[in-house]
Amino acid sequence: MSMKALGLKGWALGGALAAGLFAGTAAKAAEPIKIGVLHSLSGTMAISETTLKDTVLMMVDDINKKGGLLGRKVEAVVVDPASNWPLFAEKARELLAKEKVSVVFGCWTSVSRKSVLPVFEELNGLLFYPVQYEGEESSRNVFYTGAAPNQQAIPAVDYLMSKDGGEAKRWVLAGTDYVYPRTTNKILEAYLISKGVPKDDIMINYTPFGHADWQTIVADIKKFASAGKKTAVVSTINGDANVPFYKELANQGIKATDIPVVAFSVGEEELAGIDTKNLVGHLAAWNYFQSVDSAENDGFIKQWKTFIKNDKRVTNDPMEATYIGFKMWSQAVMQAGSTDVDAVRQAMYGQKVRSPSGYDIAMNTNHHLSKPVMIGEIQGNGQFQIVWQTKGPIKADAWSPFIPESAKLTADWTFPWVCGNCTEPKFAKMK
């Protein structure tokens with residue numbers, strides 16, 4: 001074969017190889033960006049978590065209508081860990097290792113988040129966690145878009161202590177028996193004592209998930225409140241146990257004017273399944289309520305009702321936190337020009353979203369948001385009237401200053417990476 005023929009053959013081979021590489025790159029570019037949705041669609045937490053799955057699907061639908069992300073469609077991979085905490089870890093591994101998702105939006109309870117945390121850290125996945133929690137955690141693989149205790153629990157107690165809140169002197173800390181209520185109540189007990197509340201004026205009670213028989217416990221609360229001091233209940237009861245709890249309060253004639261209850265896990269979605277006539281006047285502390293008066297909230301509510309095709313469906317705080325997290329992740333992907341976890345994580349710092357609450361919400365280097373705090377009073381229609389709120393967003397504390405061993409810890413994930421779980425800074429090896 002002549003040199004000319006060999007040259008032509010080489011050019012043809014090179015051209016075919018280049019064409020193949022281009023086709024492979026183009027095919028990859030055309031592949032959807034997969035995101036994981038890790039919420040219980042069955043079991044005791046389905047009452048709260050199913051709506052968050054639908055919120056992610058709404059955001060996916062919205063971004064795809066606008067052309068997708070980085071020129072690619074976004075595809076949601078939905079799994080059901082069924083309120084089974086060990087199953088959360090199994091499903092998280094499935095999403096990261098098998099489905100190769102770029103990010104996961106999920107978990108409600110802290111026990112489910114604790115279950116998946118080692119998986120995300122092992123596989124360097126990215127989790128957006130959208131629910132209020134107890135703090136006392138900082139991971140480079142998690143962005144916490146719900147409230148920390150200083151953005152919900154502490155302000156709620158301050159309100160109940162105030163003249164407007166009834167000047168409570170005795171306290172019932174009632175929670176479901178798992179990490180979030182126990183740690184939150186540890187913080188609250190220390191805070192109350194620092195405010196001069198005697199230990200004898202603090203009653204703490206825990207019940208299992210799905211607890212249904214509240215007669216004895218509510219009777220104990222009633223007896224505790226009969227000491228002649230104004231008493232308030234701080235509730236970290238989660239899931240469907242809230243329905244019989246509030247029902248039993250009404251059965252025993254306890255009204256909000258007698259013993260107000262402020263809840264951290266009861267929002268509009270939970271109230272949609274309860275006859276609220278006996279709950280009027282009780283409270284909830286969140287960073288958002290459907291009743292917020294803002295143009296951004298009007299648009300959020302309209303978007304939700306249009307997507308879900310049900311005008312009676314409500315919005316709530318964890319939905320807003322999911323909305324904020326998805327928006328920030330999308331912005332970070334665009335800024336990084338990639339879905340690479342390390343690049344997106346670094347691009348997340350300083351991201352801002354104009355939220356339905358009507359505030360500019362910012363992501364801090366401790367992987368937590370600055371958010372406003374609101375106290376809402378339950379109305380007969382299942383909505384909340386906002387009776388108090390902060391003047392602006394409050395920066396979240398990942399570690400509580402009211403727990404001695406936590407007060408000295410720092411959470412800061414700026415470059416070079418700082419270990420948020422250490423007293424002394426440790427620097428992780430960059431890949």
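Helix α8 (residues 242-251) has N242, F245, Y246, E248 and L249 as its buried residues; buried here means under 20% relative accessible area, exposed over 50%, and partly exposed anything in between, with a 1.4 Å probe and protein chains only. Viewed down the axis of α8, these buried residues stay within an arc of 160°, so they line one face of the helix. That arc is taken from the directions running from the helix axis to the C-beta atoms. On the face turned away from the buried side sit the exposed residues K247 and N251. The cover over the buried residues of α8 includes α7 (215-224), β8 (231-236) and β9 (261-263). Helices (H or I, at least four residues) and strands (E, at least two) are DSSP runs, numbered from the N terminus. Just after α8, G253 takes a positive phi of about 70°.

A quick word on the source: this is a predicted model, in which local features need pLDDT of at least 70 and side-chain atom pairs count only at pLDDT 80 or more, while totals for chains, interfaces and linings use all residues. Residues are numbered from 1 along each chain as its sequence is written, and side-chain values use heavy atoms, with hydrogens and water left out.

F245 also turns up in the largest nonpolar core, which has 94 residues; I35, L38, F245 and W329 have the most contacts inside it. Helix α11 (residues 317-336) gives this core its largest share, eight residues. Apart from this core lies another one, of 25 residues, with A153, A168, L188 and V262 among them. A nonpolar core is a set of buried Ala, Val, Leu, Ile, Met, Phe, Trp, Tyr and Cys residues joined through side-chain atoms within 4.5 Å. Leaving aside residues up to four places away in sequence, F245 touches W214, V218, I221, I237 and V261, where contact means heavy atoms within 4.5 Å.

Now for R113, which has its place in helix α4 (residues 110-123). R113 counts as buried because its relative accessibility is 0%. Not counting residues up to four places away in sequence, R113 touches C107, L127, Y129, Y133, E134, E137 and Y144. One of these contacts, Y129, is 16 residues from R113 along the chain, and the C-alpha atoms of the two are separated by 7.9 Å.
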